Amino acid sequence: MKRTVFAIISLLAVVSAFADNHWVGSWGTAPQLVENNNNPPSPGLGNNSLRQIVQVSIGGDKVRLKLTNEFSKGATAIKAVELAYAKTAGSSSEIDEASTVSLTFDGKASVNMPVGGKAVSDPVDFHIGNRQNVAITIHYGAASSTSVSGHPGSRTTSYLKAGNTTDFSGAVTTDHWYNILALEVEAAEEAGAVAILGNSITDGRGSTTNQQNRWADVLSRRLLANEATSQVGVLNMGIGGNCVLGGGLGPAAVNRYQRDLLGQEGVKWIILFEAVNDLGSAGNGVQTARRIIDVYKQIIREAHQKGIYVFGGTITPFKGNNYYSADHENGRSTLNKWIRTTKMLDGVIDFDKAVRNPQDTIAMQREFLFENDWLHLNAKGYETMGGCIDLNIFTKTDPLAADDEAEEYGEVLLWQEAEDLRTDAIGRLFRLEEDESASGGKYLQTVNNITNAAPTDSANMLTLPFAVPSANTYYIYARVNCPSWDDDSYWIGLDGAMNDFANGLYTGGSWDWKQLYSGFMQAGSHQLTIGGREDGACIDKLCVTADPEPPTGMGGTTTAVAAPALYNHANGNVEIYSLSGTRLKPHYRGPRIEVLRSDDGAVVSRKIIVRQ
């Protein structure tokens with residue numbers, strides 16, 4: 001009886017221990033549509049065999065493999081897949097034959113991935129150690145070699161051989177990965193992974209092929225050697241040439257972070273270290289930095305909802321590279337200042353400080369340069385980056401950082417929803433539209449082309465009264481959506497006739513802040529008049545500020561009143577202006593703006609009259 005009870009207790013202990021285990025990413029890569037020049041070489045993938053080598057981070061006794069066909073235009077058929085211990089980190093195709101295990105997918109050796117599909121193998125007993133080199137051998141059926149999902153920047157050699165074979169002697173070599181997505185291990189509950197969002201500096205351009213010496217590899221080895229962090233896996237989600245906001249190579253970070261960061265198994269930490277390609281090609285460095293910050297905030301909020309810590313890596317210098325300009329450096333400085341000071345991040349990794357030249361802090365140390373491009377680092381530079389990270393951030397148990405923070409827009413005097421300036425008489429020819437991505441859910445769209453001269457009809461005008469506290473230079477920005485170069489302008493007038501226009505407000509179909517006006521203003525009351533000029537231009541919100549840099553996101557909370565009320569007449573110390581801002585004689589009775597002042601000259605009210 002005692003022996004039976006002991007057996008039951010032992011069984012329950014085993015079941016309990018198993019229940020505490022979970023899947024954790026040990027190796028992974030960020031997929032994309034492989035560019036033509038990086039597609040598989042002859043003889044191609046179809047009906048042939050490919051051996052690819054990866055070096056995992058944490059080990060385990062049970063593993064599963066994930067494959068992807070996400071970007072391919074055709075289905076990819078796989079006849080069989082094997083795992084084995086690789087004898088090198090990629091410099092040869094040799095494996096320990098005795099270690100080979102075959103994978104199954106829903107109990108079958110073969111799997112067919114449809115367009116946009118993925119495949120997850122059944123778990124298999126396959127012991128791998130920390131930083132183990134693992135060979136993944138795929139035997140393909142029908143598969144394209146011109147439309148392939150993969151990762152071009154493998155920094156690791158793969159081996160391609162004709163036919164269904166396990167003999168890769170004389171194989172064609174290619175330094176790219178195809179179709180492989182992640183290798184996961186079953187690990188104890190306390191184990192977890194850090195997923196890194198990055199571009200070519202994280203992907204490892206400048207590291208040594210087949211030596212696994214990217215900065216993420218350096219970090220992984222340090223974590224494993226440290227007892228307190230020995231169960232932390234590292235997932236390198238860098239893509240060479242990638243951007244946060246759009247453009248570049250591969251899907252933009254704003255579109256891929258849910259898959260590459262939040263969608264990874266067992267992720268407990270995230271490192272955000274991507275922006276240099278956005279900043280280096282920016283039209284406005286600071287504005288681009290602020291848009292990147294908006295994306296970072298979005299990632300942080302979603303990660304915190306899942307209980308994931310988020311760390312920010314400062315952007316490394318690029319003076320000397322073609323990316324560099326004073327404007328682009330201002331953008332880098334803006335982003336790095338936010339990373340170092342925000343209360344939203346759970347920690348900061350100061351890569352910039354680690355690799356910059358102490359005598360010229362906006363340039364990298366020469367000894368870290370790869371091919372003297374002043375952007376990418378060599379193996380020594382990556383060793384420094386991976387070595388500068390405080391490992392204690394991966395042991396913290398503090399509450400997650402803030403999910404939001406007060407926006408800092410400089411000296412903002414006024415926020416105004418554009419749609420609140422429209423009435424049945426004033427601006428009525430601006431069409432009121434709804435859009436969830438607009439501030440307040442609404443915006444105004446110009447419907448008429450009036451390009452030869454400014455409109456004189458109040459129905460084609462919006463008027464914004466405001467006051468400034470002192471004589472200074474002020475800026476007026478509008479959150480606009482101008483989808484083409486033929487619908488990207490407005491007539492503009494300040495305290496007078498509309499004899500100028502703001503042009504070149506093109507945003508490519510998305511909402512963005514553009515400058516409508518800037519200039520010196522005396523202290524006191526002023527009025528901006530906006531006239532429709534090109535149809536299709538959309539305006540969402542207005543900002544009057546002393547800050548020379550534009551706002552970001554939705555901007556701040558509305559501080560202006562709604563459109564001035566219509567009325568017949570007002571008594572008092574009244575000044576009369578035309579709808580375009582020209583001062584008129586006191587007894588003028590046509591459409592006008594009447595400004596009522598108190599005896600000390602302060603503006604009491606500002607009202608628009610369109611009829612007596």
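These are my notebook entries on a predicted model, taken feature by feature.

**Entry 1: ground rules and confidence.** I number residues from 1 along each chain as its sequence is written, and for side-chain values I use heavy atoms, leaving out hydrogens and water. I looked up the pLDDT (the predictor's confidence in each residue, from 0 to 100) and found a mean of 90 for the protein chain, with 88% of its residues at 70 or more. Over residues 1-18 the pLDDT is below 50, and this stretch has 1 contact (heavy atoms within 4.5 Å) beyond near neighbours in sequence. Residues 561-572 also have a pLDDT below 50, and there I noted 30 contacts beyond near neighbours in sequence. Where pLDDT is low, the predicted coordinates should not be read in detail.

**Entry 2: the sheet of 5 strands.** I read helices (H or I, at least four residues) and strands (E, at least two) as DSSP runs numbered from the N terminus, and I call two strands paired if DSSP finds at least two bridges between them. In what order do the strands of the open sheet of 5 strands stand? I found the order β17-β16-β18-β19-β20, with parallel pairing. The edge strands are β17 (232-238) and β20 (347-349), each of which pairs on one side only. Neighbouring strands of this sheet are turned against each other by 25 degrees on average, direction ignored; axes here are lines fitted to C-alpha atoms, for helices over the stretch in contact, and angles run from 0 to 180 degrees between N-to-C directions. Strand β16 (residues 192-198) is joined to β17 by 7 bridges, and the two run parallel, with G198 standing opposite G238 in β17. I then followed helix α3 (residues 215-225), which lies across β16, β17 and β18 (267-273) and runs at about 175 degrees to β17.

**Entry 3: the sheet of 3 strands.** Another open sheet has the order β2-β11-β14, with antiparallel pairing. Because β2 (32-33) and β14 (177-178) stand at the edges with a single partner strand each, one side of each is left without a neighbour in the sheet. Strand β11 (residues 149-151) pairs with β14 over 2 bridges, and I noted that Y178 in β14 is the bridge partner of G150.

**Entry 4: cysteines.** How many disulfides does the model hold? I counted 0, taking a disulfide as a pair of cysteine sulfur atoms within 2.5 Å. For C482 the closest cysteine sulfur is in C538, 7.0 Å away, so it is too far for a bond. C482 has a relative accessible area of 0% and is therefore buried (under 20%, with exposed over 50% and partly exposed in between, using a 1.4 Å probe and protein chains only). C243, at 5% relative accessibility, also counts as buried.

Entry 5: I found N48 in the loop between β2 and β3 (49-55), where it counts as buried at 8% relative accessibility. Its side chain reaches the backbone oxygen of P43 at 3.2 Å and the backbone nitrogen of G163 at 2.8 Å. T334 is in helix α7 (residues 326-341) and, at 22% relative accessibility, counts as partly exposed. Leaving aside neighbours within four places in sequence, T334 is in contact with V286, A289 and I293.

Note on methods
Predicted model: local features only at pLDDT ≥ 70, side-chain atom pairs only at ≥ 80, totals over all residues. Polar contact = N/O pair within 3.5 Å; in protein donor to acceptor, adjacent residues only side chain to side chain.
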